[in-house]
Amino acid sequence: MDIAVIGLGYVGCVSAACLAQMGHTIIGVDINETKVNMINDGLSPIIEKNLDSIVKDQVASGRLKATRDIDMAVSQSGIVFICVGTPSRANGSLNTEYIERVCIEIGRALAQKPDYCTVALRSTILPGIAESVVVPLLEEHSGKKAGADFGFALNPEFLREGSSVYDFYHPPKTIIGELDRKSSDVIASIYEGIDAPVFRLGLGEAAMVKYADNSFHAIKVAFANEIGRICKLYDIDSRMVMDVFTKDVKLNLSSCYLKPGFAFGGSCLPKDLRAIIHTANQNDIEVPLLKATIESNMKHIEHAL
């Protein structure tokens with residue numbers, strides 16, 4: 001397929017190179033002339049294992065090139081991936097400025113494009129932004145209707161810095177947020193050679209999965225570190241404790257307890273959590289995550305009642 005990748009940062013550069021290696025013809029787009037020139041010279045603008053050789057080989061093959069001309073890239077592509085950043089503002093809110101700018105430009109390019117084209121957003125966005133910001137901007141500036149005159153889908157990425165090339169080819173899952181079935185089919189066809197379950201969801205659910213993933217990853221790091229601090233108090237091996245903890249794939253690392261519902265209770269969970277928090281408090285060990293778990297549970301009870 002002929003694919004444009006808008007934004008050649010971490011996600012965009014890896015996606016462009018790997019898609020080209022899969023046999024697609026890729027035009028990468030970025031406003032940064034240095035990045036564009038580096039790719040066209042067969043050099044990766046980011047440091048990532050194996051990416052240098054992939055970029056070099058794919059540029060030499062003619063399947064990968066870069067430009068600053070978004071109109072040209074869209075006009076020559078049947079799929080347009082948006083991979084621009086969504087950084088935090090000072091107050092923690094999501095900054096969608098770059099997405100908005102790109103959507104305006106893509107919309108104007110779509111207005112001049114007679115062929116059907118599918119726009120897929122890989123940038124991380126909160127639920128509701130696709131429906132309230134992205135699609136309306138594309139429609140306004142193209143004069144066309146999403147789902148009828150052009151396609152739209154969400155396709156969040158799950159790439160980790162340092163192993164993103166491996167992650168591209170071995171993802172835990174492929175998520176497609178559907179606006180229309182045709183667009184979803186187009187995006188799914190790109191990943192036919194990749195061994196991973198494909199989940200077709202609504203736009204809101206697809207956006208939220210990424211936030212659930214990243215929030216849980218952050219919680220796991222904080223949890224392991226708090227347990228580690230308590231282990232140090234008792235002069236015990238925290239790595240051994242967590243190694244045994246992670247061997248339990250029936251309860252600890254599983255879908256158990258990860259279904260929204262009522263608060264936790266019973267004779268063990270509240271008692272044991274309070275005991276470990278009390279011990280930490282007595283020894284001036286900060287365990288804010290464990291403390292917040294009690295508070296969160298009480299708030300959920302209040303919400304339910």
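**Cavities, sheet and local contacts**

The largest cavity is lined by 14 residues, and those nearest its centre are Arg122, Phe158, Pro171, Lys173 and Tyr191. The model is a predicted one, in which local features need pLDDT of at least 70 and side-chain atom pairs count only at pLDDT 80 or more, whereas totals for chains, interfaces and linings use all residues. Residues are numbered from 1 along each chain as its sequence is written, and side-chain values use heavy atoms, with hydrogens and water left out.

A cavity is a set of points, on a 1 Å grid over the protein atoms alone, where a 1.4 Å probe fits but cannot get out, and lining residues have an atom within 4 Å of a point. Grid points are joined across faces, edges and corners, and a volume is the space filled by probe spheres set on the points. Across the whole structure, two cavities of 30 Å³ or more were found. The largest holds about 130 Å³ of space. Its lining comprises eight nonpolar, two polar and four charged residues, where Ala, Val, Leu, Ile, Met, Phe, Trp, Tyr, Cys and Pro count as nonpolar, Asp, Glu, Lys and Arg as charged, and the others, Gly among them, as polar. At least two lining residues each are supplied by α7 (164-169) and β7; helices (H or I, at least four residues) and strands (E, at least two) are DSSP runs numbered from the N terminus.

The second largest cavity contains about 60 Å³ of space. Residues that line the second largest cavity include Leu121, Leu154, Ala206, Ala207, Lys210 and Tyr211. Helix α9 gives the largest share of this lining, four residues. By class, the lining of the second largest cavity has seven nonpolar, three polar and one charged residue.

Eight strands make up an open sheet of mixed pairing, in the order β3-β2-β1-β4-β5-β6-β7-β8; two strands pair if DSSP finds at least two bridges between them. Strands β3 (64-67) and β8 (198-202) are at the edges with a single partner strand each, so one side of each has no neighbour in the sheet. From one strand to the next the twist averages 25 degrees. Strands β6 (residues 151-154) and β7 (residues 174-178) run antiparallel and are joined by two bridges, and Leu154 is opposite Gly177 in β7. Helix α9 (residues 203-233) lies across β6, β7 and β8, at about 120 degrees to β8. Axes are lines fitted to C-alpha atoms, for helices over the stretch in contact (heavy atoms within 4.5 Å), and angles run from 0 to 180 degrees between N-to-C directions.

Ser254 is in the loop between α10 (238-247) and α11 (269-282). Its side chain reaches the backbone oxygen of Leu251 at 3.1 Å, and a polar atom of the Ser254 side chain lies 3.1 Å from the backbone nitrogen of Cys256. Helix α2 (residues 33-40) is followed by Gly42, whose phi is positive, near 80 degrees.

Technical notes
Polar contact = N/O pair within 3.5 Å; in protein donor to acceptor, adjacent residues only side chain to side chain. 1 Å grid on protein atoms, 1.4 Å probe; cavity = no way out; pocket = protein on both sides within 12 Å on 5 of 7 lines; lining within 4 Å.
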